[in-house]
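Please look over the sequence and the model first, and then follow the points below, which are grouped by topic.

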Amino acid sequence: IDNRELKLPVDFMADWARLACRKCFGVGADGIIFLEEAQPGSGFDYRWHFYNADGSRAEMCGNGARCATKLANLLGFAGKKHVLGTDAGGVEALVLDDGQVKVRLTPAQDLKTGMELDVDGEKLTVHFVNTGVPHAVVFFEDVSLVDVKRLGKAIRFHEAFAPKSTNANFVTVKDSGSLILRTYERGVEDETYACGTGACASAVVANALG
């Protein structure tokens, strides 16, 4: 949403997210983005306010950043190459000549591998990295058999990730060049069809594990 024109106060944004994102009764989206002018001297071409479907605010969203980039360029208040201001910091963005969008996520931080956790009665080896938002990563032989909603919710609220909690990614290594990924996203509280920061987190962890 172009909030330069709407001028919706921040205090109302969470309620808008809960209403607009509802399945069946709204758009059925995972989140909502409000775009507006950046503070002078911030180094950003514009900034966003990003809210999950449940009204919680998120620091970063990889696919959301690509959507924001494309819209800002189409509306004419950012060039093809620009910097988007998020709660996780500045994100470099580029609209390619074919219309596709690339963003450079904030550097991965807080990598932890090999945590042995009891997750809803199962012993799992869980890895963690922050790629703008926190992500747990678990590898399985066949991710299609994973109960993503049950395990995802248990990992999301696990004490190991308190107090901020985490997103949960379930990964099968297909070969040395590709992963199969399913993600449970906090704030959506369900499996999502794609997660950019989760894809990057899974790649970072897989690379760290060799």
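This is a predicted model: local features need pLDDT of at least 70, side-chain atom pairs count only at pLDDT 80 or more; totals for chains, interfaces and linings use all residues.

A residue is called buried when its relative accessible area is under 20%, exposed when that area is over 50%, and partly exposed in between.

- Trp16 lies in helix H2, and because its relative accessible area is 34%, which falls between the limits of 20% and 50%, Trp16 counts as partly exposed.
- Trp16 also belongs to a nonpolar patch on the surface, which it forms with Ile1, Leu6 and Phe12, and these residues together have about 360 Å² of accessible area.
- Val10 is found in helix H2, which covers residues 10-20, and Val10 is likewise partly exposed, at 39% relative accessibility.
- Once neighbours within four places in sequence are left aside, Val10 is in contact with His49, Tyr51 and Arg57.
- Val10 and Ala194 are separated by 184 residues in sequence, and their C-alpha atoms are 27 Å apart in space.

**Helix H5**

- Helix H5 spans residues 196-208, and its 13 residues reach 18 Å from the first C-alpha to the last, close to the 18 Å expected at 1.5 Å a residue.
- The buried residues of H5 are Gly196, Thr197, Gly198, Ala201, Ser202 and Val205, and they pack against helix H3 and against strands E6, E7, E8, E9 and E10.
- Just after H5, Gly210 takes a positive phi of about 85°.

Notes. Residues are numbered from 1 along each chain as its sequence is written. Side-chain values use heavy atoms; hydrogens and water are left out. Helices (H or I, at least four residues) and strands (E, at least two) are DSSP runs, numbered from the N terminus. The expected span of a helix is 1.5 Å times one less than its number of residues. Buried means under 20% relative accessible area, exposed over 50%, partly exposed in between (1.4 Å probe, protein chains only). Contact means heavy atoms within 4.5 Å. Patches are made of residues with over 30% relative accessible area and no salt bridge: like charges are joined within 9 Å, nonpolar side chains (Val, Leu, Ile, Met, Phe, Trp, Tyr) within 5 Å. Accessible areas come from the Shrake-Rupley method with a 1.4 Å probe; for residues, only the protein chains shown count as cover. A salt bridge is a side-chain nitrogen of Lys or Arg within 4 Å of a carboxyl oxygen of Asp or Glu.
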